[in-house]
Amino acid sequence: MGAIDFCQNPSICISKFRPNSRTETHWKRRVSVVASSSVPIKEKSQSGEVARGASFIRPHLQNLKPYQPILPFEVLSARLGRKPEDIVKLDANENPYGPPPDVLEALGSVEFPYIYPDPESRKLRAALSEDSGLESEYILAGCGADELIDLIMRCVLDPGDKIVDCPPTFTMYEFDAAVNGAHVIKVPRHTDFSLDVERIAEVVEKEKPKCIFLTSPNNPDGSIINDTELLEILNMPILVVLDEAYIEFSGIGSRMTWVKKYDNLIVLRTFSKRAGLAGLRVGYGAFPLSMIEYIWRAKQPYNVSAVAEIAACAALRNPTYLENVKVALVQERERLYDLLKEVPFLDPYPSHSNFILCKVTSGVDAKKLKEDLAMMGVMIRHYASKELCGFVRVSVGKPQHTDALMEALKHFY
Ligand SMILES: Cc1ncc(COP(=O)(O)O)c(C=O)c1O
């Protein structure tokens with residue numbers, strides 16, 4: 001591919017056309033269906049004519065279907081008639097403690113907001129190198145791990161290429177594959193949510209997919225991938241993207257440094273969970289040197305904003321705070337798990353993360369449960385997918401959030 005610069009020919013100089021900038025990241029999460037089609041959507045305008053706008057959209061994107069939107073906090077607050085601080089938000093695995101106080105201080109004295117940020121996020125990568133023990137030339141930062149998932153796909157996948165996805169898992173892999181025109185081969189997890197490595201091997205051999213997305217701990221169940229499984233998959237002829245968004249809560253170490261040994265491994269991490277910075281959008285990835293140069297080339301130059309970099313650096317300067325928050329959340333997870341086990345219609349799964357997946361049993365309707373709790377100001381996540389029909393996921397909050405949830409649940413038994 002490439003671009004023709006018409007402006008080099010003075011006789012046909014046209015102005016540059018830029019599509020709309022990205023819509024909100026929230027929007028992406030609402031899209032569940034990966035079906036692609038070459039049939040253009042025929043939209044009618046009010047006058048009855050076919051709207052031209054839709055015909056500009058790439059055919060494989062025309063059939064993406066939206067999820068129910070996740071509501072912004074203020075909208076939710078207005079809808080529930082409750083102040084934001086009175087909502088117990090346990091539906092998006094956010095870190096309720098927020099970032100270290102150093103972050104707000106640093107953000108209050110941002111020096112050069114009118115200057116573009118460092119396209120190489122040098123300060124942040126140096127701090128991440130200290131934090132992870134991996135040299136900064138292996139590290140690239142992004143606008144959340146979400147951006148890096150898409151960036152990797154843009155660099156690796158040609159339209160029609162295949163990826164392996166292991167549901168139930170984070171749905172962005174499937175979504176981004178659809179946006180990038182790739183096919184998704186699903187290798188569902190076992191009923192205990194462990195990976196079906198044997199089936200993955202068969203699929204890799206038969207379908208020749210280009211990459212596989214693995215998540216440890218896995219969202220939504222919190223299970224982790226052990227070294228044996230990971231090594232087995234790394235030995236396959238496939239690029240392995242290991243998403244460690246929740247690794248800090250797992251009790252096992254990150255595999256970031258493994259990228260020095262395995263040049264088919266990428267490891268992704270984020271500040272959203274460990275440092276309570278979900279709203280500022282900072283993620284990072286460890287890449288093999290043989291690959292990272294190309295990722296740099298394709299990256300948007302100013303993908304990490306100046307404030308995002310300042311915030312992430314400030315967070316890393318207070319490791320004691322990050323550790324204390326992690327310990328608090330892990331302790332609360334264990335308390336929450338024990339309490340959920342007492343609820344007669346919930347069957348919680350042990351988790352290595354900051355959330356707990358529960359099967360809703362005894363004839364209770366999972367969707368209604370979620371909706372009724374929401375009316376009481378307690379937000380949890382409900383699933384309706386094939387693999388997770390009748391499940392809910394509860395994020396770990398502060399002790400008072402657990403108490404409020406348990407009080408609300410008592411209304412049901
Ligand atoms: C497994 C997993 N990976 C990545 C992300 C996104 O991380 P970020 O906020 O850095 O984009 C999430 C967010 O919920 C997640 O669950």
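Residues are numbered from 1 along each chain as its sequence is written, and side-chain values use heavy atoms, with hydrogens and water left out. Because the model is predicted, local features need pLDDT of at least 70 and side-chain atom pairs count only at pLDDT 80 or more, whereas totals for chains, interfaces and linings use all residues.

The ligand is surrounded by 14 residues, each with a heavy atom within 4 Å of the ligand. The closest are Ala-145, Asp-243, Tyr-246, Thr-270 and Ser-272. By class, the shell holds five nonpolar, five polar and four charged residues; here Ala, Val, Leu, Ile, Met, Phe, Trp, Tyr, Cys and Pro count as nonpolar, Asp, Glu, Lys and Arg as charged, and the others, Gly among them, as polar.

Polar contacts to the ligand (pairs of N or O atoms within 3.5 Å) include one from the backbone, where an N or O atom of Ala-145 lies 2.7 Å from an oxygen atom of the ligand. From the side chains, a polar atom of Ser-272 lies 2.6 Å from a ligand oxygen atom, and a polar atom of Arg-281 lies 2.7 Å from a ligand oxygen atom. On its own the ligand has 400 Å² of accessible area, of which the protein covers 96% (Shrake-Rupley method, 1.4 Å probe). Two or more residues of the shell come from each of helix H5 (144-156) and helix H9 (271-274), and H5 gives the most, with three residues. Helices are DSSP runs of H or I with at least four residues, strands are runs of E with at least two, and both are numbered from the N terminus.

H5 also packs against helix H10 (residues 289-298), at an angle of about 105° and with the axes 10 Å apart. Axes are lines fitted to C-alpha atoms over the stretch in contact, and angles run from 0 to 180 degrees between N-to-C directions. H5 and H10 are therefore roughly perpendicular to each other (65 to 115 degrees). Leu-151, Arg-154 and Cys-155 of H5 meet Tyr-294, Ile-295 and Ala-298 of H10 in this contact, defined by heavy atoms within 4.5 Å. Five of these residues are nonpolar, none is polar and one is charged.

H12 contributes Glu-332, Arg-335, Leu-336, Leu-339 and Leu-340, and H14 contributes Pro-399, Thr-402, Asp-403, Leu-405, Met-406 and Leu-409. The contact of H12 with H14 comprises seven nonpolar, one polar and three charged residues.

The peptide bond from Pro-167 to Pro-168 is cis, with omega near 0°; Pro-168 lies in the loop between strand E3 (162-165) and helix H6 (172-179). Ser-216 and Pro-217 are also joined by a cis peptide bond, with omega about -5°, and Pro-217 is in the loop between strand E5 (211-215) and helix H8 (227-234). Ser-121, a residue other than glycine, has a positive phi near 40° and is found in the loop between helix H3 (101-108) and helix H4 (122-132).

Notes: A polar contact is a pair of N or O atoms within 3.5 Å; within protein, one must be able to donate a hydrogen and the other to accept it, and residues adjacent in sequence count only if both atoms are side-chain atoms. Angles under 35 degrees count as roughly parallel, over 145 as roughly antiparallel, 65 to 115 as roughly perpendicular and the rest as oblique.
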